[in-house]
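Subject: Structure handover and what was found in it

Dear colleague,

Here is the structure we spoke about, with its sequence alongside. Please keep it open while you read the notes that follow.

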Amino acid sequence: MTTDQQPHALATGPLGVRLLALEPGPEERRFGDAPVTYALVALRHEGRLLLVLERERGTWELPGGSIDPGETPRVAAARELREEAGQVIAPEALRFVGFSKTAFADRPVAYGAVFAAETTAVRPFTPNEEIAAIHWWSGEPEIPGGLVQTVDTYLAERARSTPPA
C-alpha cells in the first residue's frame, strides 16, 4: 500500500505511531488481518490518567505490553500494570474498552486490547529497566522527560467515554 492509499488515522503520535481504528469486542474477538499482541490499561486516580515514561522510546504512554503465550489480554493488562508502574488492579476489575488497531513505523499493524480502571489507592513506584518514571497526567501538553504518546491519550479519552459492555 502506498502512502497516499493508507487509511485515515484516528490519532497520530510521536515515533510514527498511527491509530487506525478502535474496534468493539467481545474480548475473545480475533482479527483476520493481524493478531492481538498487546494490552493497555487506562488507569485513573482522582480524574488523572497514569502514564509511564518508557526508557527506550522516551515517551509517556499507557502502561501495557505484550501478551505472553497462554495469557489472556485481561491478565496481561493487569500484569503489565503491576510490572511497569507498581499499581495493582485485579484482572476482573478491569473494564474492557475495545481493540486498538495500530500501525507502527518499525513493525506491521497489530491489535491491542484496551482496558480501563479507576483506583483509590496509589501504590509507590520504583523505576525499573523499562520504565523510568510514572506521572498522573491531568492533560498538560508536555511532561518533562519525554514526549506524550498522543495515540495513548486519545485511547484513554475514548475509554472514558465508552460505556461498560
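Rings of Phe, Tyr and Trp (for Trp, its six-membered ring) are taken to pair if their centres lie within 6.5 Å, and planes under 30 degrees apart count as stacked, over 60 as edge-to-face and the rest as tilted. Please bear in mind that this is a predicted model, in which local features need pLDDT of at least 70 and side-chain atom pairs count only at pLDDT 80 or more, while totals for chains, interfaces and linings use all residues. Residues are numbered from 1 along each chain as its sequence is written, and side-chain values use heavy atoms, with hydrogens and water left out.

On that basis, a search of the whole structure finds five aromatic pairs. One of them is formed by F31 and Y111, whose ring centres are 3.8 Å apart and whose planes lie at 5°, so this pair is stacked. The pair links distant parts of the chain, since F31 belongs to the loop between β2 and β3 (36-45) and Y111 to strand β8, 80 residues apart; strands here are DSSP runs (E, at least two residues) and helices likewise (H or I, at least four), numbered from the N terminus.

F96 is buried at 9% relative accessibility, and F99 is buried at 0%. Taken together, ring pairs link F31, F96, F99, Y111 and F115 into a cluster.

Turning to the strands, eight of the nine residues of β7 (residues 95-103) are buried, so this strand is largely enclosed by the rest of the structure. Strand β2 (residues 18-23) runs antiparallel to β7 and is joined to it by five bridges, where two strands pair if DSSP finds at least two bridges between them; A21, for example, has K101 in β7 as its bridge partner. β7 also pairs with strand β8 (residues 110-118), in the antiparallel sense and over seven bridges, with F115 in β8 as the bridge partner of F96. A hairpin of six residues joins β7 to β8.

Finally, the buried residues of helix α2 include V151, L155 and A159.

With best wishes

Key: Buried < 20%, exposed > 50% of the residue type's maximum accessible area, 1.4 Å probe, protein only.
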